[in-house]
Amino acid sequence: MSVVAPEKILKELADLWVTTGKEGGEADTQGVLRACSLTLVVISESADDPHSLGETIAALMPEHPARTILIRLTGAGDRALDQRVYAQCWMPFGQRRQICCEQVEITCADGALADLPSVVLPLAIPDLPLVVWSRCTRLLAMPEFRAIADMATRLVLDSTCRPDTRQALERVSSEIASGRLVADLAWTQLTRWREMLAEVFENRQNLARLTGDVRVTVGDGGAASARALYMAAWMQDSLRSLPVAVEAAISSSPQPAAFFVELAADGLTVRLERRDERLVTTVNGLSQSTHLPQPDNYLLMREELGIAARDPSFERALALAVRLAYATDK
Amino acid sequence: MPTENPFQDALRFERRVPESVVVIFGANGDLTKRKLLPALYRLAYDRRLGAGFAVVGTSRTAMSDDQFREKMQEAVQQFSEDTKFDDEVWRAFSQGLFYVAGDIGDPALYRQLAAKLSEIEQSRHTGGNALFYLSTQPSQYARVAQGIGSAGMGKGKGWRRLVVEKPFGHDMASARELSDRLHDVFEEADVYRIDHYLGKETVQNILAFRFGNGIFEPLWNRRYINHVQITAAESIGVEGRGAYYQEAGALADMIQNHLLQVMATIAMEPSASFRAPSVRDERSKLLRSIKPMKPEEILQYAVPGQYGPARIGGEDVPGFRQEKGVNPDSQTDTYAAVTFFVENWRWAGVPFYVRTGKRLPKRVTEIAIQFNGAPLAIFNADEAQAVPNLLILRIQPEEGISLKFLSKRPGAGMNLRPVSMDFNYGSSFGERSPSAYETLLLDAIIGDPTLYTRQDMVEASWAVVEPIQNAWRETKFDFPNYAAGSWGPDAADAMLARRCHVWRRP
């Protein structure tokens with residue numbers, strides 16, 4: 001069994017700065033700048049594409065510089081635990097100076113999971129938020145996850161990872177019920193959609209038509225996916241403040257394959273649909289097209305790392321989405 | 001009937017954008033093609049505009065809606081610097097572009113525009129909200145405003161706002177006259193005087209830097225700050241605008257508006273809130289606290305300059321008087337450096353050196369705040385004293401902030417060296433910064449005038465600039481007094497040297 005002592009990692013991090021400083025100093029005598037605004041713990045499986053994950057983390061650093069602790073679960077095995085430290089640097093000032101963030105990578109076999117919290121906890125930077133991003137990992141279902149989640153000021157999950165959507169939403173719900181600040185990337189995917197829908201009702205004529213019966217339909221290729229449930233639930237919840245009767249449904253039709261949202265009221269039809277890299281909003285036949293890149297982990301995490309507070313819209317939508325999932329299952 | 005949008009989410013969404021139509025006067029001009037349409041297209045691309053958003057362009061040139069759309073497409077493709085042109089986004093956006101041809105002196109034009117607005121209100125549900133953007137000659141502003149008023153477009157079912165570009169008059173009297181004419185039709189609260197400098201991210205960031213952090217504000221006063229230098233240098237000459245520039249000059253073209261606004265942002269008191277009236281009140285108060293110069297002080301505290309011919313990078317560059325359309329005996333200032341003092345407790349005695357010029361060595365705009373030295377030099381006195389702490393706020397070309405301080409050089413002995421702690425806007429935040437016009441157009445549509453100039457600010461600026469302008473007009477200077485490609489006249493260096501200061505070389 002290999003031993004990974006937090007003190008050893010911290011010492012290596014300190015040495016890393018000396019080395020990086022020397023290298024930077026040789027190049028232009030200006031040294032390097034260490035940047036850090038949070039501790040980011042990323043839990044991933046070894047099967048997770050390391051190159052793609054590395055790129056995502058590197059892309060996040062300029063906007064959310066962090067000490068990143070990347071935990072790779074290697075699967076069944078004895079109590080093997082290993083680590084390496086390195087710096088993630090970029091050159092922002094016309095090649096004059098490097099800005100660097102620390103990265104610690106810990107590989108861990110299932111047999112060593114119990115030791116993981118005792119290694120990770122001392123590595124957290126004091127006085128700064130600690131965000132745990134649990135990617136599609138088995139750890140979520142293991143008892144050891146609890147100790148790691150307990151360290152987090154914010155926990156980022158992704159309901160789309162799990163085959164059973166209802167169970168996935170219930171899991172997110174239970175984390176919130178236990179008092180944690182939780183984000184779900186399935187919900188984050190919807191921000192631009194929700195924003196465009198809201199924009200439609202900045203028009204007072206459209207807003208005035210939100211009366212009587214309102215029908216909401218969300219389609220995701222026929223699946224009651226987490227994002228479809230969230231969207232329908234959020235619309236239903238938002239309309240609660242108005243004297244309207246809302247009927248929300250998830251379309252079971254496999255066509256169209258792309259995600260779409262429809263709202264129909266008396267004299268008003270709104271449809272939002274994705275067409276490649278665009279979001280097309282059609283209001284009573286009048287269309288507007290805007291740029292909407294496919295959501296990747298970088299864009300989603302970038303948004304979530306910028307939010308430090310509880311998200312009441314999300315929590316209300318989640319509660320309704322779970323109910324909607326039950327109704328859809330039946 | 002619902003009055004509040006039930007779908008808003010303040011935590012995650014950008015600001016609300018109401019339905020509206022933007023009417024551009026001078027729609028065939030350079031500003032529309034280079035700045036306004038690319039900015040509006042970018043806002044559409046970024047999902048910032050509603051589905052019914054519309055633009056009505058007007059100018060004398062006869063054009064159909066389709067020809068206008070074609071022309072604007074070319075402009076957007078040519079001048080959108082960091083925005084991908086997306087055919088589908090353009091197709092939807094361009095459906096909201098309309099054109100009305102006519103002479104701004106002809107009342108028929110305004111009647112046609114009123115009919116067009118009413119038609120658009122029906123077809124695109126713009127709610128009667130209209131923003132009139134005057135991208136015409138400044139001499140036409142009052143006439144256009146009157147035309148809008150006469151056709152009944154100054155008021156409507158929704159809000160009506162007017163955006164005007166600088167210059168806001170060429171002296172105090174003309175500024176007041178213009179303002180009075182605009183106020184015949186629009187309330188002051190609906191007049192948006194655009195100063196694109198205030199729309200730049202770093203100028204806005206000055207407010208965030210000063211009032212969002214606790215550590216700098218205690219140092220932000222005469223006790224710790226030695227002096228402030230504000231530089232807006234351009235490497236180009238008048239570029240074919242000689243005839244216009246000859247009438248304006250650097251002092252009126254840059255200092256009266258942009259740089260005094262930047263100075264006000266640097267030196268203003270903290271506002272009670274970030275609401276527009278509070279921020280603008282403080283900025284205005286600061287401008288009114290700038291000490292107007294007595295006639296005998298002007299030649300000592302203000303230095304004009306005019307560039308002469310030179311050879312730069314193997315190329316012969318003409319002097320200002322050799323530029324096309326310029327009088328060979330012109331007394332116009334292509335460079336101006338002024339020492340301002342602010343008469344309040346915070347800034348009493350602290351010089352604010354402001355300079356701007358054409359044909360300087362590089363294009364750069366920055367604010368350098370020089371702090372007082374350590375009260376006691378316990379290290380090598382020469383070394384420590386020679387490099388003061390400097391806080392540099394860079395506005396262009398690379399927006400960012402640097403703090404220079406002394407650090408011990410590693411090794412035996414106590415040798416100090418200056419180091420720089422840098423923050424770069426573009427690279428520290430992965431996302432693209434919106435252009436100043438994107439920010440300001442969106443603010444005007446939303447109804448947030450925080451970054452716009454109010455009439456009392458315009459008048460306060462003229463109150464300090466006009467005496468200098470008058471004194472310079474009455475003096476015959478020995479121009480040219482600096483070579484193109486240099487950092488300005490020697491007299492500007494001498495102005496600082498009297499207080500043992502030197503201009504920074506950005």
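The C-alpha centres of domain 1 of chain A and domain 2 of chain A sit 35 Å apart, with domain bounds taken from an automatic or database domain assignment. This is a predicted model, where local features need pLDDT of at least 70, side-chain atom pairs count only at pLDDT 80 or more, and totals for chains, interfaces and linings use all residues. Side-chain values use heavy atoms, leaving out hydrogens and water.

**Two domains of chain A**
- Domain 1 of chain A covers 6-152, and domain 2 of chain A covers 186-330.
- Where they meet, ten residues of domain 1 of chain A are in contact with six residues of domain 2 of chain A (contact means heavy atoms within 4.5 Å).
- Together the two domains of chain A bury about 770 Å², with 75% of it on carbon and sulfur atoms; buried area is the accessible area (1.4 Å probe) that two parts lose on being put together, summed over both.
- L60(A), H64(A) and W133(A) supply 51% of the area that domain 1 of chain A buries against domain 2 of chain A, more than any other three residues.

**A sheet in chain A**
- Six strands of chain A make an open sheet with mixed pairing, in the order β10-β9-β11-β12-β13-β14. Strands are DSSP runs of E, at least two residues, and helices are runs of H or I, at least four, numbered from the N terminus; two strands pair if DSSP finds at least two bridges between them.
- The edges are β10 (244-250) and β14 (286-291) of chain A, each pairing on one side only.
- From one strand to the next, the twist averages 15°.
- Strands β12 (residues 268-275) and β13 (residues 278-283) of chain A run antiparallel and are joined by six bridges. R271(A) has T282(A) as its bridge partner in β13(A).
- Helix α9 (residues 226-238) of chain A lies across β9 (212-219), β10 and β11 (260-265) of chain A, at about 180° to β10(A). Axes are lines fitted to C-alpha atoms, for helices over the stretch in contact, and angles run from 0 to 180 degrees between N-to-C directions.

**A closer look at A35(A)**
- You'll find A35(A) in the loop between β1 (32-34) and β2 (38-45) of chain A.
- A35(A) is buried, at a relative accessible area of 17% (buried means under 20%, with a 1.4 Å probe and protein chains only).
- Leaving aside residues up to four places away in sequence, A35(A) touches P65(A), A66(A), I99(A), C100(A) and C101(A).
- A35(A) and C101(A) are 66 residues apart in sequence, yet 5.7 Å apart in space, C-alpha to C-alpha.

**Confidence**
- The model scores ipTM 0.85 and pTM 0.77.
- Chain B averages a pLDDT of 90 (the predictor's confidence in each residue, from 0 to 100).

Definitions and conventions. Residues are numbered from 1 along each chain as its sequence is written. Chains are lettered from A and ligands numbered from 1 in the order in which they are written. Buried means under 20% relative accessible area, exposed over 50%, partly exposed in between (1.4 Å probe, protein chains only).
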